[in-house]
Amino acid sequence: MDAADGARRAIETESAPAPIGPYAQAVVADGVLYCSGQVPLDPASGELVDGGIAEQSRRCLESLDAVCHAAGTRLSEAARIGIYLTDMSLFPELNDVYAGFFAEPYPVRTTVGVAALPKGALVEMDATVPLSQAT
């Protein structure tokens, strides 16, 4: 598919958790990869990873990176990251993990406090990645 033709196509990989609802892991449209929110599920078991916010944040980012790889890019090329956090006091520890995945120029980011997430997760993340930036 030529990215310029505007056609949408779903991206799926076994290296990230299978969707837990009627949605794709990601969709490519008009040369942009739109990644669905990833909660910190182990791709093999579908269960929440053990540990606290550091482990859960790392798993979310690893899953997003796996989806990006399936589309031929890397998470480090993201233009935007959305983060949903059930406890804003965990923000500094999340930031420490997040910083290990990105370098300047950093993607834009929104972090929103939420009441609850699927499967009792502490965090969920999504990403928007322009494919023209991929190397």
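Student: How do the axes of helix H1 and helix H2 cross, and within what distance do they come?
Tutor: This is a predicted model, where local features need pLDDT of at least 70, side-chain atom pairs count only at pLDDT 80 or more, and totals for chains, interfaces and linings use all residues. Residues are numbered from 1 along each chain as its sequence is written, and side-chain values use heavy atoms, leaving out hydrogens and water. Two packed helices are described by the angle and the distance between their axes. Here the axes of H1 (residues 53–70) and H2 (residues 91–99) come within 9 Å and cross at roughly 40°.

Student: Which residues of H1 and H2 meet?
Tutor: Ile-53, Ala-54, Ser-57, Arg-58 and Leu-61 in H1 meet Glu-93, Leu-94, Val-97 and Tyr-98 in H2, with contact meaning heavy atoms within 4.5 Å.

Student: Is Ser-57 buried or exposed?
Tutor: Buried, with a relative accessible area of 0% (buried means under 20%, exposed over 50%, with a 1.4 Å probe and protein chains only). Leaving aside residues up to four places away in sequence, Ser-57 touches Leu-94, Val-97, Val-123 and Met-125.

Student: And what is the strand order in the open sheet?
Tutor: Strands of a sheet pair through backbone hydrogen bonds, either parallel or antiparallel. This open sheet of 6 strands runs S1-S2-S3-S6-S4-S5, with mixed pairing; pairing takes at least two DSSP bridges. S1 (9–11) and S5 (108–113) stand at the edges, each with a single partner strand, so one side of each has no neighbour in the sheet.

Note on methods
Axes fitted to C-alpha atoms, helices over the stretch in contact; angles between N-to-C directions. Helix = DSSP H or I, 4+ residues; strand = E, 2+ residues; numbered from the N terminus.
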